[in-house]
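Student: Could you take a close look at one part of this model for me, and then tell me how that part sits in the whole chain?

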Amino acid sequence: MSGSDIAGLIAAGVFAILVALLAVPIIKLGRVFDELRDSIKDLSDGTTPLIGEVTNTVATTNDQLKKVDAITSNVSDATANASALTALAAATMGKPLIKIAAFTSGVKAAMNAKPRSSGRRSR
């Protein structure tokens with residue numbers, strides 16, 4: 001064996017050691033990627049039913065909001081009707097009640113008034 005053959009064998013041995021040393025981190029990195037893939041799969045499997053439940057909840061909430069909107073509309077109509085009825089009652093009974101109150105006040109004032117005598121005053 002010549003010197004170049006020995007140098008080649010040493011270079012091959014060093015290269016084999018270098019490959020072995022680099023293989024360990026590559027194998028560990030492969031395990032990390034496997035764990036990451038398993039975690040993503042578990043997350044995906046857990047998220048799919050959750051998204052279905054959220055969709056169902058949103059649909060139910062929308063139905064309830066439609067019912068609340070109908071109730072709000074009915075309350076608004078009832079409030080408008082009560083306001084109109086109050087205005088009608090005030091217009092219908094307001095003026096006669098004012099006239100009755102004025103008449104009553106006039107009668108009361110007339111009854112409380114002292115009669116004036118046309119004769120002499122006594123001391």
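Tutor: Val107 sits in helix H1, which covers residues 3-112; helices here are DSSP runs of H or I with at least four residues, strands are runs of E with at least two, and both are numbered from the N terminus. This is a predicted model, where local features need pLDDT of at least 70, side-chain atom pairs count only at pLDDT 80 or more, and totals for chains, interfaces and linings use all residues. Residues are numbered from 1 along each chain as its sequence is written, and side-chain values use heavy atoms, with hydrogens and water left out.

Val107 has a relative accessible area of 33%, so it counts as partly exposed (buried is under 20%, exposed over 50%, partly exposed in between, with a 1.4 Å probe and protein chains only). From Val107 to Leu97, 10 residues apart along the chain, the C-alpha atoms are 15 Å apart. Leu29 belongs to helix H1 too, and at 45% relative accessibility Leu29 is partly exposed. Leu29 and Thr55, 26 residues apart in sequence, have 38 Å between their C-alpha atoms.

Now zoom out: the protein chain has 1 helix and 0 strands. Its radius of gyration is 51 Å, well over the 14 Å that the globule rule gives for 123 residues, so the chain is more spread out than a compact globule (the radius is taken over C-alpha atoms, and the rule is 2.2 Å times the number of residues to the power 0.38). The C-alpha atoms fill a box of roughly 170 × 45 × 20 Å along the principal axes, and buried residues make up 0% of the 123.
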